[in-house]
Amino acid sequence: MDNPFKNALNQLTRANNVQIFDTQFLSQLYAPNREIRISIPITMDNGSLALFEGYRVQYNNARGPYKGGLRFHQDTDIDEVRALAFWMTLKCAVVNIPMGGGKGGVTVDPKKLSKVELEKLSRGWIKLMYPVIGPHTDVPAPDVNTTPEIMQWMVDEYEKITGDTTRAVITGKPIAFGGSEGRTRATGLGGFYVFDHLRKKLQLPDSCTVVIQGFGNVGGNTAEIFSNHGDKVIAISDSKGAIYKQTGINITSLNTHKEQHGTILGFEGSQTITNAELLELPCDVLVPSALENQITIDNAKKIQAKVILELANGPTTPDADDVLFAKGISVIPDILANAGGVTVSTFEWEQNLKNEHWTESVVNAKLKEIMETQSDIVLEKSLTLKTDLRRAAFIVALERIEKAMRKKLY
Ligand code: NAD
């Protein structure tokens with residue numbers, strides 16, 4: 001399996017080969033500012049004690065407080081969290097929001113915990129991490145397998161311990177608990193805004209065929225948004241497998257099917273295929289929305305999509321990037337494509353600090369403006385430097401981080 005942090009640094013080197021940055025500046029991006037590892041003790045429902053390993057990586061805060069989600073997954077480890085924290089640093093800079101990069105997680109399969117155990121684990125993460133996070137220091141959010149309810153437990157625990165009532169320490173909370181309108185859909189919607197804005201420039205039609213890997217928060221919302229726009233979603237997967245329906249999948253019916261059967265498999269009129277087959281289907285746009293390292297040197301040659309919209313973090317390895325580029329497939333990189341989530345998280349943080357509550361239309365209009373403006377800047381950079389969109393996005397972000405870091409030398 002590719003090491004995601006190695007891949008992330010490889011991407012940095014590749015961008016620097018196109019536009020050379022100051023070596024002293026760059027050297028500070030090869031390692032995080034701080035890494036924290038914790039062991040969270042939980043009394044399980046059967047009375048036994050279990051210990052779970054948790055992490056927070058505070059990568060870089062030159063542009064603002066560390067910002068990034070928390071992942072609860074059995075395969076999560078410090079290398080993965082470090083890579084995700086690095087990408088967050090670049091992502092916040094590429095959409096020009098006043099945040100640095102961080103990420104956290106716990107090595108756990110949350111499906112194996114009862115709700116009581118999950119709440120203890122979430123509160124336990126805060127009990128051990130509260131001294132190093134805060135509204136002006138480090139602001140976590142949801143990621144894979146973490147939900148608004150988990151964010152609610154966490155912010156409640158933080159408030160109990162510290163007395164801070166702004167709730168600005170955690171974003172992605174339920175609306176009734178200081179959350180922002182539009183946050184749940186923000187990553188999918190932001191990705192759609194980027195794609196739709198670039199659609200014509202990428203020579204794609206008004207109605208595209210779409211294949212989506214992952215049917216969680218990001219994949220599920222993205223499927224609905226593309227479908228409502230008039231694009232045709234022809235295949236979707238989750239961790240249990242994938243479905244394909246050439247005539248198009250009705251997303252509302254698929255949600256009902258999943259609620260009733262606990263899986264997308266067996267959806268009426270669909271054919272069951274493997275996750276590997278899903279990635280290789282002919283389509284206009286392929287949207288990885290699950291985990292990293294999905295498009296690698298092993299399958300890149302077989303990808304038949306015209307455009308890849310990376311809503312997952314790190315779904316494509318650097319050597320696969322080269323194959324795709326040679327095949328003329330445009331990759332809209334994760335640090336731009338999925339930045340809608342952190343953008344609306346930042347709106348949530350701002351609303352909490354100002355004690356305001358914005359309407360969904362205000363949130364979405366602000367999101368659209370940011371995603372479109374920054375997409376233009378990245379596209380322009382790629383045309384000027386004659387490079388791909390990933391290197392261009394890295395270069396835009398690095399220029400902004402370098403400017404901020406010049407002011408912060410010790
Ligand atoms: P989620 O837990 O809600 O959903 C993950 C989905 O991926 C689930 O449908 C799961 O079944 C599926 N999945 C897991 N393993 C799979 C596999 N091997 N093949 C196919 N599907 C598989 O998580 P999410 O919040 O939707 O996050 C998905 C991706 O988007 C992650 O890479 C995450 O870092 C990224 N992301 C999320 C946000 C956000 O706001 N939630 C923001 C930016 C980026």
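Strand 3 and strand 4 run parallel and are joined by 4 bridges. In this pairing, Leu70 has Gly104 of strand 4 as its bridge partner. The model described here is predicted. Strand 4 also pairs with strand 2, this time in the antiparallel sense, over 6 bridges. Here Gly104 of strand 4 is the bridge partner of Arg56. Strand 4 is mostly covered, with 6 of its 7 residues buried.

Strand 3 and strand 5 run parallel and are joined by 5 bridges. Across this pairing, Gly69 stands opposite Ala141 of strand 5.

Helix 4 covers residues 115-129, 15 residues in total. From first C-alpha to last, helix 4 reaches 21 Å, close to the 21 Å expected at 1.5 Å a residue. Its buried residues are Glu117, Leu118, Leu121, Ser122, Arg123, Gly124, Trp125, Ile126 and Met129. They pack against strand 1 (34-43), strand 2 (49-60), strand 3 (66-73), strand 4 (101-107) and strand 5 (138-142). Helix 5 (148-162) is also among the elements they pack against.

Helix 3 (residues 78-94) also meets helix 14 (residues 389-406). The two axes come within 8 Å and cross at roughly 85°. Helix 3 is therefore roughly perpendicular to helix 14. On the side of helix 3, the contact is made by Phe86, Trp87, Thr89, Leu90, Ala93 and Val94. Helix 14 contributes Ala393, Phe394, Val396, Ala397, Leu398, Arg400 and Ile401. The residues of this contact divide into 11 nonpolar, 1 polar and 1 charged.

Helix 1 spans residues 4-18. Its 15 residues should span 21 Å at 1.5 Å a residue, and the end C-alpha atoms are 22 Å apart, which agrees. The buried residues of helix 1 are Pro4, Phe5, Asn7, Ala8, Leu9, Gln11, Leu12, Arg14, Ala15 and Asn16. Their cover includes helix 2 (23-27), strand 2, helix 3, helix 10 (318-326) and helix 14.

Two loop residues have a positive phi without being glycine. Arg167 has a phi of about 65°. Arg167 lies in the loop between helix 5 and helix 6 (186-198). With a relative accessible area of 25%, Arg167 is partly exposed. Lys386 has a phi of about 55°. Lys386 is located in the loop between helix 13 (360-385) and helix 14. Its relative accessibility is 73%, so Lys386 counts as exposed.

Conventions: Residues are numbered from 1 along each chain as its sequence is written. This is a predicted model: local features need pLDDT of at least 70, side-chain atom pairs count only at pLDDT 80 or more; totals for chains, interfaces and linings use all residues. Side-chain values use heavy atoms; hydrogens and water are left out. Axes are lines fitted to C-alpha atoms, for helices over the stretch in contact, and angles run from 0 to 180 degrees between N-to-C directions. Angles under 35 degrees count as roughly parallel, over 145 as roughly antiparallel, 65 to 115 as roughly perpendicular and the rest as oblique. Contact means heavy atoms within 4.5 Å. Ala, Val, Leu, Ile, Met, Phe, Trp, Tyr, Cys and Pro count as nonpolar, Asp, Glu, Lys and Arg as charged, and the others, Gly among them, as polar. The expected span of a helix is 1.5 Å times one less than its number of residues. Buried means under 20% relative accessible area, exposed over 50%, partly exposed in between (1.4 Å probe, protein chains only). Two strands pair if DSSP finds at least two bridges between them.
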